[in-house]
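Hi,

Here's the structure I said I'd pass on.

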Amino acid sequence: MPTPPTLGYAPNQDVQYDASKRADELRNAMKGFGTNESVLIRTLAHIPAIELTCLKTTYNQRHHRSLEKDIESETSRYFEDCLLSILRGPLQGDVYSLNKALKGAGTRESWLNDVLIGRSNADMHAIKQAYKATTRRDLEADVRGDLSGKTERLFMMIVAGTRQEDSAPVLPQAVDADVAELHRATEGKAGAEQLTVCSILSNRSDGQIRAIAHAYEAKYRRSLEKVIVSEFSGHMEKTLVDIVRCGTDRAMRDAQRLEECMKGPGTKDELLVARVVQMHWDRAHMAQVKGAYRVKYGKELVSRVRGETSGDYERCLVAMIE
């Protein structure tokens, strides 16, 4: 049975409701001299994805203005980025990130992986349709134009949107066969058979990957992630590690993605905004990410974010995380 699209990835999910109070509060917060940033944060930080279209339409009908354009003119820098990212919603947010990843010289690998790794087939197809509708270009063609060699072929497998569904059974014999084949294609020979590994990992469901990773470590006393790191390099290594982490513990993978943005000198603010917004759409998942962050780094995610950011930008990120 196919996994249904995530909320925000199918047009028939949008709900109609009386958004006039919210729309008026937003307008009042921005008109006249000065902006009431706390109202913007309170109103937008926790709005469900399926309520966004109605809010934006109501704002336009009642005030004959674009909510996005008003936010652009009344806010700035990373605080503006936060609010505009929320207003795009999850699907258009993915399209925006893909555009950022693929336009200009060179591929921004983190942005590409953030959108495409670990997606259900239904969400992948929705992303491809929205990308085509927005840019008038095929996502596959753009990815192919930006990548090359075996990494390009790995991404063609991913973007195809034909992986095993979440409901697919985890069969012990199939898991054992995958484990044996992964070992043969990596540690079992000189020089990895890269496309064999890509084909297996890009095609399996999260549940199957979890079972494969556990069985691999039990049989060969080495984690599958460590094998990938030792046998691969560059963007392909990062992508395969992402796939395995998504399957084995998605919340921990996302906790690590957030820490990646904040560690070392300087904060990768654009990426931090994109990742927090992407994760905040699923409140239950965000709670798991906070728990995983506490386990991995021995501190609270919110306090870490507060230490790296400031002002309304900080308050907006914290509101999404809390």
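Let's start with Arg136, which sits in the loop between H7 and helix H8 (139-146). Bear in mind that this is a predicted model. Arg136 has a positive phi of about 65 degrees, and it is not a glycine. That's worth a second look, since most residues other than glycine have a negative phi. Is Arg136 buried or exposed? Its relative accessibility is 66%, and over 50% counts as exposed, so Arg136 is exposed.

His64 is another non-glycine residue with a positive phi, this one about 55 degrees. You'll find His64 in the loop between helix H3 (52-63) and helix H4 (67-74). With a relative accessible area of 68%, His64 is exposed too.

Now for the helices. Two packed helices are described by the angle between their axes and the distance between the axes. On the H5 side, the contact includes Leu91, Val95 and Leu98, while H7 brings in residues including Ala126, Ile127 and Tyr131. Sorted by type, the residues of this H5 and H7 contact are eight nonpolar, four polar and one charged.

H5 also packs against helix H16 (residues 269-280), at an angle of about 80 degrees and with the axes 9 Å apart. That makes H5 roughly perpendicular to H16 as well. Among the residues in contact are Tyr78, Asp81 and Ile86 of H5, and Glu270, Val273 and His280 of H16. What types of residue make up the contact of H5 with H16? They divide into five nonpolar, three polar and five charged.

Last, the inside. In soluble globular proteins, nonpolar side chains tend to be buried together. Here the largest nonpolar core has 98 residues, and Leu116 and Leu240 touch the most other members. H5 turns up again, giving this core its largest share, 11 residues. Which residues does Leu240 contact, leaving aside its neighbours within four places in sequence? They are Leu154, Val197, Cys198, Leu201, Ile228 and Phe232.

Cheers

Definitions and conventions:
Residues are numbered from 1 along each chain as its sequence is written. This is a predicted model: local features need pLDDT of at least 70, side-chain atom pairs count only at pLDDT 80 or more; totals for chains, interfaces and linings use all residues. Side-chain values use heavy atoms; hydrogens and water are left out. Contact means heavy atoms within 4.5 Å. Helices (H or I, at least four residues) and strands (E, at least two) are DSSP runs, numbered from the N terminus. Ala, Val, Leu, Ile, Met, Phe, Trp, Tyr, Cys and Pro count as nonpolar, Asp, Glu, Lys and Arg as charged, and the others, Gly among them, as polar. A nonpolar core is a set of buried Ala, Val, Leu, Ile, Met, Phe, Trp, Tyr and Cys residues joined through side-chain atoms within 4.5 Å. Buried means under 20% relative accessible area, exposed over 50%, partly exposed in between (1.4 Å probe, protein chains only). Axes are lines fitted to C-alpha atoms, for helices over the stretch in contact, and angles run from 0 to 180 degrees between N-to-C directions. Angles under 35 degrees count as roughly parallel, over 145 as roughly antiparallel, 65 to 115 as roughly perpendicular and the rest as oblique.
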